Amino acid sequence: MNEHSVKNFLEVNIQNALEKMGVFDARVEVIRPDTPDHGDLSTNVAMTLSKQLRKAPRMIAEELISHTDPSPFDKVEIAGPGFVNFYFNQAMFKRFVEFCEKPGFGRWDVGQSQPMQVEFVSANPTGPVTVANGRGAPLGDSISRLLEWIGYKVDREFYVNDRGAKIGHLGKSLEIRYRQAGGESCELPEEGYPGEYLLDIAKEMRAELGNKPLEMNDDARNEFFRTEAVARMIAWQRKVFEDFGIVFDRWFLETSMVESGEIDQAIKDLDSKGFLYKEDGAVWMKSTELGDDKDFVIIKSNGDPTYTATDIAYHRNKFARGYVHMINLMGADHHGHTGPMYAGLEALGYDKNKLEFHLYQLVHLFRDGKQVKMSKSSGEFVTLEELLEEVGKDAARYFYLMRSSDTHLNFDLDLAKKKTMENPVYYVQYAHVRCCAIMDDERAAGIADVDFAGFEGDAEVGLARELMWFPDEVRQAATMRAPNRICSYAERLAAAFHSFYHDCRVLGEEDIVAARRMKLVSSTRAVLKSCLEILGVSAPERM
RNA sequence: GUGCCUGUAGCUCAAUCGGAUAGAGCGUUGGCCUCCGGAGCCAAAGGUUGGGGGUUCAAGUCCCCCCAGGCACACCA
């Protein structure tokens, strides 16, 4: 329950009416009509109850209306096949708009402070985060924010694959770069990482440590460059995410599970449950017994655990931490990974419903109307860092978030850089700026204290009608893990405000009008600010 | 070949876990503003929701079959 929610408000009213009719178990759904002609709120409950009550929907609707407290409404109508449409009176608009500036407006307690975890990005520490896997960054962060808004305690986590062949190559590459930085002429191996970033890191280290690392014996030196490379890559990535407004609560190192024995233990447990067998020198998991379409390898014939094996151990570690729910954001290319993961965790007896894999589709960049080639060898930028430099944090985050994560994202760089109304992030931010401009005007002082009855006219009511949906939008967006819904809402609210701003003067009007409209302005400012906060976009006071 | 995602206005995308007449922005066309603002507002035109079946009071949404695009299908991570 949330007293600020218009949906909850009507749900309660309808539940009460239904109880008077002797119906106690109905699932009441409140719908926001697509046009004000259909009321401010609507319900289809008369239709859904039709079968159970063996009555025509319109008859149920009539009975429902006769048992409903009419005081909050101008009118209540039956429409179409049996919708019941509710039209708020002015006092109700006033009531809900007045919630907007209350602390906690839009927040819910559905999570009851229970711990939830969101793992996102988790890119290999072998290079910079790219624009493609960078989509997970604002997405994971905003989903986390939404979950916090509905009352969960959220841990943001980044899983670092700091083990295995690729990391070996990374360490080796760094060593070569280190030698090059010292004037040695040597070349990167075939599988090495050719990016300039390792050379930069090598130079930096060289300045600190001189020739010392090269004097170690082979094992110590390999280990040194490996761990040093990973540590410095993480530090770099962490910095980029911070510039993006994202702070991870935890960077979980895969190697920590080697030291703790968790990987071995996970494999042992899978074995003791009877899910493992040997074939072709490798150890396999019988995931087909759990409904998967093929078995997968747990231990390679060289004795190393596979990525899947360590990831099962990792998720087991997560489960042991007691989260009520875990979300794992991954690029769509990791899709094939979910089957084996679920199989492994199910085999170990965990409730797989607690773990949610959320896949996001790929990103395409467009510049000058043409798609930017994303190959690493091309000169065009591909890193998140470069994107930030080019379009700025606000536009980058907003553009990443404005589309549903399960469609491909066409990121228009030119549009993102435009400071015009075509650019949705400016459209929304500018609405906020306008609110601030009015409120900061010296004529604004003191006019808010006048009491008034409600809102008048299409522009005022239209804005009030949009404002009051914020809590329900938050709830819906959080439930669907869909920050893009907040973008849509913010754009609708901004549009309603720009329209209001055009039609209705605030400053200089007679007291009661000014006070009424100022209420809408300050409420809009508060709600827009909250929207932008969820998106991780700044809410400027002037532009 | 198998699995997943996508297909909606000229373009980019929405559409409340099945709701009413499928909506925005851009673009096009035409209007409005001596304003707290032009980084603005209003309006019009633009649709067989890829195609075909099915489920029901109701389908862009759910099920089945096609078509098209994308992504995966390793002893990589």
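Helices, which are runs of at least four residues, and strands, which are runs of at least two, are assigned by DSSP and numbered from the N terminus.

**View 1. Overview of chain A in the predicted model.**
This is a predicted model, and its chain A contains 21 helices and 15 strands. Taken along the principal axes, the C-alpha atoms of chain A fill a box of roughly 85 × 60 × 40 Å. Of the 543 residues in chain A, 41% are buried. Among the contacts in chain A with a separation of 6 or more, 71% are accounted for by residues 24 or more positions apart. The pLDDT of chain A averages 92, and 99% of the residues score at least 70, while for the complex the predictor gives an ipTM of 0.91 and a pTM of 0.95.

Sorted by class, the surface near RNA strand B has 29 polar, 24 nonpolar and 15 charged residues. Several elements each supply at least two residues of this surface, including helix 2 (45-48), strand 4 (83-88), helix 7 (165-181) and helix 13 (335-347). Strand 15, helix 17 (424-440) and helix 20 (484-503) are also among the elements that each supply at least two residues. The largest share, 9 residues, comes from helix 20.

**View 2. Strand 4 and its two pairing partners.**
Strand 4, one of the elements that supply at least two residues of the surface near RNA strand B, is mostly covered, with 5 of its 6 residues buried. Strand 2 (residues 41-43) pairs with strand 4 in the antiparallel sense over 3 bridges, and strand 3 (residues 73-79) pairs with strand 4, again in the antiparallel sense, over 6 bridges. Strand 3 and strand 4 form a hairpin with 3 residues between them, and in the turn G80 has a positive phi of about 55 degrees.

Three strands make up an open sheet in the order 14-13-15, with mixed pairing. Strand 14 (370-371) and strand 15 (409-412) stand at the edges, and because each has a single partner strand, one side of each is left without a neighbour in the sheet. Strand 13 (residues 363-367) and strand 14 run antiparallel and are joined by 2 bridges, and in this pairing K370 of strand 14 is the bridge partner of R367. Strand 15 also supplies at least two residues of the surface near RNA strand B.

**View 3. F497 in helix 20.**
F497 has its place in helix 20, the element that gives the largest share of the surface near RNA strand B. Leaving aside neighbours within four places in sequence, F497 is in contact with A431, L463 and T524. From C-alpha to C-alpha, F497 and T48 are 36 Å apart in space, and 449 residues apart in sequence.

**View 4. Helix 12 and the glycine that follows.**
Helix 12 (residues 307-320) has 14 residues and reaches 20 Å from its first C-alpha to its last, close to the 20 Å expected at 1.5 Å a residue. The buried residues of helix 12 are A309, T310, D311, I312, A313, Y314, H315 and K318. After helix 12 comes G322, whose phi is positive, near 85 degrees.

H325 is found in strand 11 (residues 325-331), and because 16 other C-beta atoms lie within 10 Å, H325 is classed as partly exposed. Apart from its neighbours within four places in sequence, H325 is in contact with M116, K354 and E356, whereas the C-alpha atoms of H325 and R492, which are 167 residues apart along the chain, are separated by 32 Å. K239 lies in helix 9 (residues 218-243) and counts as exposed, because there are 11 C-beta neighbours inside 10 Å. K239 and V121 are 118 residues apart in sequence and, from C-alpha to C-alpha, 14 Å apart in space.

Key:
Residues are numbered from 1 along each chain as its sequence is written. Chains are lettered from A and ligands numbered from 1 in the order in which they are written. This is a predicted model: local features need pLDDT of at least 70, side-chain atom pairs count only at pLDDT 80 or more; totals for chains, interfaces and linings use all residues. Two strands pair if DSSP finds at least two bridges between them. Ala, Val, Leu, Ile, Met, Phe, Trp, Tyr, Cys and Pro count as nonpolar, Asp, Glu, Lys and Arg as charged, and the others, Gly among them, as polar. pLDDT is the predictor's confidence in each residue, from 0 to 100. Two residues are in contact if their C-beta atoms, placed from the backbone, lie within 7 Å. A residue is buried if 20 or more other C-beta atoms lie within 10 Å of its own, exposed if 12 or fewer, and partly exposed in between; C-beta atoms are placed from the backbone. The expected span of a helix is 1.5 Å times one less than its number of residues.
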